[in-house]
Amino acid sequence: MTSRYRATEGVNSPFPRRRTVVKAAAATAVLAGPLVAALPAGATTEAPAFLHGVASGDPLPDGVLLWTRVTPTAEAVPGSGLGADTKVSWTVATDKAFTNIVAKGSLTATAASDHTVKADIRGLAPATDYFFRFSAGGTDSPAARTRTAPAADANVTGLRFGVVTCANWEAGYFSSYRHLAARGDLDAWLHLGDYIYEYKSGEYAARGTVVRPHAPLNEIITLADYRTRHGRYKTDPDLQALHLKAPVIAIWDDHEFADNAWSGGAVNHTEGAEGTWTARQAAAKQAYFEWMPVRPAIAGTTYRRLRFGKLADLSLLDLRSFRSQQASSGSGSVDDPDRTITGRAQLDWLKAGLKASDTKWRLVGNSVMIAPFVIGSLTADLLKPLAKLLDLPQDGIGVNTDQWDGYTDDRRELLAHLRSNAIGNTVFLTGDIHMSWANDVPVDAGTYPLSASAATEFVITSVTSDNLDDIVKVPEGTVSALAAPLIQLANRHVHWVDTDRHGYGVLDITADRAQMDYYVLSDRTSATATSSWERSYRTRSGTQKVERTYDPV
């Protein structure tokens, strides 16, 4: 396996769901089961089996988190609450044949944790490939590769991460995962949210067509529901293949809970009829931490920070647990300083971490777009004085107030902090919007490009979830050809946007630049979809601006 580390150690809402909001954006641009279903087909488990694969995550210089789920008997499917306590052993070695074992131990898988187990391994060497597997009742899991992070003071010359988001089971196959797994050169991969979707079967598929049914068939609400849905996802062979090849670093977005979730509810939650939001959120979080190799730095959240030598640190955000309810589009309340997307504690944590960082690059795992995005016949600089007069948002009419556009006071505070403290080389890595973008992040969008850019942002399109051409049901590329010029005209900080294609990204970092290569799939509804490079953008050290480059790494 090729290594990329080259180091010398030293609630109900009156506001529309995201699907409605994105559909409105498309129109503007164009004119201007059952529980057992979570098991693989034909699976039988007379002896314990590892039907959901194995995974690792959150690499540290001296350790990594290992995960699996054991199925002790056939009836002990995810969410069932059935199955006896089962001893699960784990082994870590420096070689795939496991001739040089460096760590081993055992855990007990119980119904209380849906028979998932996580082993937080420490005492490993930094910047090193390791192989691991689990065993139960005489059965071994597949062997998987993982990798530790470099030492904090290591002079790392290169890092490479896969980047994915928005993987809707019913909308297609996860070929993006398969193509990333085949590369063999990833230090880790980032999942920026919407690892699962909560909808009932048929509600959000591929242009309205279910490519493959998920489980359970109902909208997931209870702990058993969320466990079953996670279990269904973990049977995907392409997802299992990627988990076998590299550690994942994941954050959640709304669909791990419900569409357009906020701290007190969600657009896709009916209080009372679907229980309380408090209970549903708690169930979603419990299932997430059971089923994902994520090490929460603060209990019940996904915000945390990882470091990769002197080259980069990665601040990972939780933009659902603490945010205020979304504002209505076009409302001046998006500028209300009492509304927040991060919560006070998380924003202070992020600001302090960015200021204290001594790495070359400051990466931010960010589930929703931070660069402003307005659409209209008036450009942002003309709209701003009119907006002030009419008590409209000062940064223009945001199309999607679920993004940072709906929480402009937090954004202004964060970007002002970057500028006033001369914090450079900050790169936001973003999902959610089902499109690919390469953005500067301006301090003042209304006067850009005369005003400064405080950071840059690479937004990755969806693995399978509908994007604009899917919503309006036209051939791929049709909407983007019309929409992209209009978007860029009204948003001069946007260097590129593709509204129509599905795929993934590969982020490559050196001391001189951070580059995102954008890859697209031939057909998300095909299990054998091919992948091709579409475009690349980079930000060079010290510039805080994005530029196109014409070759992938």
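Strands here are DSSP runs of E, at least two residues long, numbered from the N terminus. Two strands pair if DSSP finds at least two bridges between them. The model described is a predicted one. In it, Phe308 stands opposite Ala312 in β17.

That pair belongs to a hairpin. Strands β16 and β17 form it, with three residues between them. Gly309 lies in the turn and has a positive phi of about 60°. The two strands run antiparallel and are joined by five bridges.

Seven strands form an open sheet with mixed pairing. Their order is β16-β17-β18-β19-β21-β20-β22. The edge strands are β16 (304-308) and β22 (494-498), and each pairs on one side only. From one strand to the next, the twist averages 20°. Helix α8 (residues 408-420) packs on this sheet. Helix α8 touches β19 (426-430), β20 (436-442) and β21 (453-459). The direction of α8 makes about 125° with that of β21. A further helix, α10 (residues 478-490), lies across β20 and β22. Helix α10 runs at about 160° to β22.

Strand β17 also pairs with β18. Five bridges join β17 (residues 312-316) to β18 (residues 361-366), and these two strands run parallel. Ala312 stands opposite Trp361 in β18. For Leu316, the bridge partner in β18 is Gly365.

Burial of β17 was examined next. The strand is mostly covered, with five of its five residues buried. In a regular strand the side chains alternate between the two faces of the sheet. In β17, Ala312, Leu314 and Leu316 are on one side, while Asp313 and Ser315 are on the other. Both faces are covered, and all of these residues are buried.

A separate topic is the packing of two helices. Two packed helices are described by the angle between their axes and the distance between the axes. Helix α3 (residues 223-233) and helix α5 (residues 277-291) pack at an angle of about 35°. Their axes are 8 Å apart. The crossing of α3 past α5 is right-handed. On α3, the contact is made by Leu223, Tyr226, Arg227, His230 and Gly231. On α5, the contributors include Arg280, Ala283, Ala284, Gln286 and Ala287. Tyr288, Glu290 and Trp291 of α5 also take part. The residues of this contact divide into seven nonpolar, three polar and three charged.

Notes:
Residues are numbered from 1 along each chain as its sequence is written. This is a predicted model: local features need pLDDT of at least 70, side-chain atom pairs count only at pLDDT 80 or more; totals for chains, interfaces and linings use all residues. Side-chain values use heavy atoms; hydrogens and water are left out. Helices (H or I, at least four residues) and strands (E, at least two) are DSSP runs, numbered from the N terminus. Axes are lines fitted to C-alpha atoms, for helices over the stretch in contact, and angles run from 0 to 180 degrees between N-to-C directions. Contact means heavy atoms within 4.5 Å. Buried means under 20% relative accessible area, exposed over 50%, partly exposed in between (1.4 Å probe, protein chains only). A crossing is left-handed if the near helix is turned anticlockwise from the far one by less than a right angle, and right-handed if clockwise. Ala, Val, Leu, Ile, Met, Phe, Trp, Tyr, Cys and Pro count as nonpolar, Asp, Glu, Lys and Arg as charged, and the others, Gly among them, as polar.
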